[in-house]
Amino acid sequence: MRPQIALFGDSITEQSFRPGGWGAALANNYSRKADVLVRGYGGYNTRWALFLLHHLFPLNSANPPAAVTIFFGANDAAILGRQSERQHVPTDEYKENLRKMVLHLKGCSPTVLVVLITPPPVDEEGRNAYARSLYGEKARELPERTNEVTGLYAKQCIELAKEMGLRSIDLWSKMQETQGWQKKFLSDGLHLTPDGNAVVHQEVTKVFSESWLSPVEMPFDFPHHSQIDGKNPEKAFDQRCLSL
């Protein structure tokens with residue numbers, strides 16, 4: 001049975017199988033080697049996501065995921081008193097919610113590879129422009145998210161990864177290393193462009209490959225067609241010769 005890689009997160013994960021998406025690129029990496037499962041929920045914060053754990057990752061599963069990316073924080077970082085405040089989760093609760101997710105996954109499988117991903121940076125002007133495109137003069141005057149506040153959540157995510165000995169991706173910092181990141185990586189000040197998706201794909205692939213989940217080193221689930229004898233195909237499918 002193929003290993004399963006689950007991508008758990010908010011809309012940035014939900015959209016990851018769109019053309020140019022990081023999840024689709026990851027699935028291509030692991031074609032015939034592992035199944036990449038998208039479990040993204042647009043608009044969700046970590047508080048709401050906790051209600052999904054037992055449904056998505058049951059503790060008694062006979063086939064728990066081999067690896068899980070946890071990619072939340074963009075909605076938790078919504079600012080109180082502004083338009084998206086119902087999504088707000090305080091930084092300390094955000095960190096503890098991530099911890100609960102990790103502990104649950106480790107309860108499913110002690111060997112599961114958990115990778116924490118910080119929220120991406122926020123282009124505040126990009127968010128305001130997007131709001132004006134939707135609501136015109138009725139658009140909010142203040143951004144519902146700021147890059148500074150989102151950075152506080154990114155910090156908590158990285159700190160938790162260090163505390164728990166997990167692999168992590170500091171996307172908030174990584175993207176800001178590139179000049180003009182606001183338009184290059186973000187389509188509406190928050191969600192990812194194809195270039196932004198490429199950054200996530202590159203970083204996730206790097207972490208997986210540095211761990212024990214390198215697609216290059218993984219075997220195909222069944223023999224390559226070149227190994228099949230046209231006259232005696234059954235020989236290639238002898239279970240004694242397959243390493244599944």
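Predicted model: local features only at pLDDT ≥ 70, side-chain atom pairs only at ≥ 80, totals over all residues.
Residues are numbered from 1 along each chain as its sequence is written, and side-chain values rest on heavy atoms, with hydrogens and water left out.

The largest nonpolar core comprises 30 residues. A nonpolar core is here a set of buried Ala, Val, Leu, Ile, Met, Phe, Trp, Tyr and Cys residues joined through side-chain atoms within 4.5 Å; buried denotes under 20% relative accessible area, exposed over 50% and partly exposed the range in between (1.4 Å probe, protein chains only). The residues with the most contacts inside this core are Ile5, Trp22, Tyr30, Val200, Val204 and Phe208. Two or more residues each come from β1 (4–9), α2 (22–29), β3 (67–71), β4 (113–117), α8 (171–175), α9 (181–185) and α10 (194–210). Helices (H or I, at least four residues) and strands (E, at least two) are DSSP runs numbered from the N terminus. Helix α10 gives the most to the core, with five residues. When residues up to four places away in sequence are not counted, Val204 is in contact (heavy atoms within 4.5 Å) with Trp22, Leu26, Thr69, Ile117 and Ile169. A second, separate core has 25 residues, including Phe57, Met101, Leu105 and Ala161.

Buried positions in α5 are Tyr94, Lys95, Asn97, Leu98, Met101, Val102, His104, Leu105 and Cys108. The elements covering these buried residues include β1, α3 (46–49), α4 (53–56), β3, β4 and α7 (147–164).

Asp123 is placed in the loop between β4 and α6 (124–135). This aspartate counts as buried because its relative accessibility is 8%. Its side chain makes a polar contact with the side chain of Lys183 at 3.3 Å. A polar contact is a pair of N or O atoms within 3.5 Å; within protein, one must be able to donate a hydrogen and the other to accept it, and residues adjacent in sequence count only if both atoms are side-chain atoms. Not counting residues up to four places away in sequence, Asp123 touches Trp181, Gln182, Lys183, Leu186 and Gly189.

The structure holds 14 salt bridges, each a side-chain nitrogen of Lys or Arg within 4 Å of a carboxyl oxygen of Asp or Glu. In one of these, the closest N and O atoms of Arg2 and Asp221 are 2.7 Å apart. Arg2 lies in the segment before β1 and Asp221 in the segment after α10, so the pair ties together parts 219 residues apart in sequence. Arg2 is partly exposed, at 28% relative accessible area, whereas Asp221 is buried, at 15%.

Arg47 and Glu93 form a salt bridge with closest N and O atoms 2.8 Å apart. This pair ties together helices α3 and α5, its residues being 46 apart in sequence. Arg47 is partly exposed at 32%, as is Glu93 at 23%. Asp195 of α10 and Lys184 of α9, eleven residues apart, meet in a salt bridge of 3.4 Å, N to O. A network of salt bridges links Lys95, Glu96, Arg99, Glu159 and Glu163.
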